[in-house]
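Please look at the sequence and the structure before reading on.

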Amino acid sequence: MYMSDDNKPIGWWLKEVDRLLESSFERLLADDGLTRRQWQALNAAAGDQTIAEALAPFLHGDPAALAAVTNPLVEREWLTGDELTAAGSHALEDLTVKVQAQRRRITAGITDEEYVATVDVLRRMANNLVWRLRV
């Protein structure tokens, strides 16, 4: 569609950005003994969704995979079920500072408008694919 000989297709860039995002956040959180999924679990516990709901796209509803993410957080006394403990809330606050700084590094040189437009285009492409799969 919008390709030239020196340009890779969108699928290539999506996979590359996904790979780089995963590895950069894994490295960032490893200093605190966490995985990206554990970070997401802490965020879910602070929000409206259950941890299982929030992580479903990544864990595919596998209870053992969910337990592998949450059990270490329970052992650290950061979680009780789907609830953050006081220590978990404090840890989440500290980690959020690091994650927000990483997000700023990742989006350096990208305007808010460009970011919103990119997400909008990707959302519409995903919706087009879902619709096509149903037909």
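## Charges over rings

A charge is taken to sit over a ring if NZ of Lys or CZ of Arg is within 6 Å of the ring centre and within 35 degrees of the ring normal. R76 lies over the face of W78, at 4.1 Å from the ring centre, and K8 is placed over the face of W12, at 5.0 Å from the ring centre.

The model is predicted, with local features needing pLDDT of at least 70 and side-chain atom pairs counting only at pLDDT 80 or more, while totals for chains, interfaces and linings use all residues. Residues are numbered from 1 along each chain as its sequence is written, and side-chain values use heavy atoms, leaving out hydrogens and water.

## The aromatic pair

Rings of Phe, Tyr and Trp (its six-membered ring) pair if their centres lie within 6.5 Å, and planes under 30 degrees apart count as stacked, over 60 as edge-to-face and the rest as tilted. The count comes to 1 aromatic pair: W12 and W13 are edge-to-face, at 4.6 Å centre to centre and with 85° between the planes.

## The nonpolar core

A nonpolar core is a set of buried Ala, Val, Leu, Ile, Met, Phe, Trp, Tyr and Cys residues joined through side-chain atoms within 4.5 Å, where buried means under 20% relative accessible area, exposed over 50% and partly exposed in between (1.4 Å probe, protein chains only). The largest such core has 21 residues, of which L34, L42, I51, L73, W78, L79 and L95 touch the most other members.
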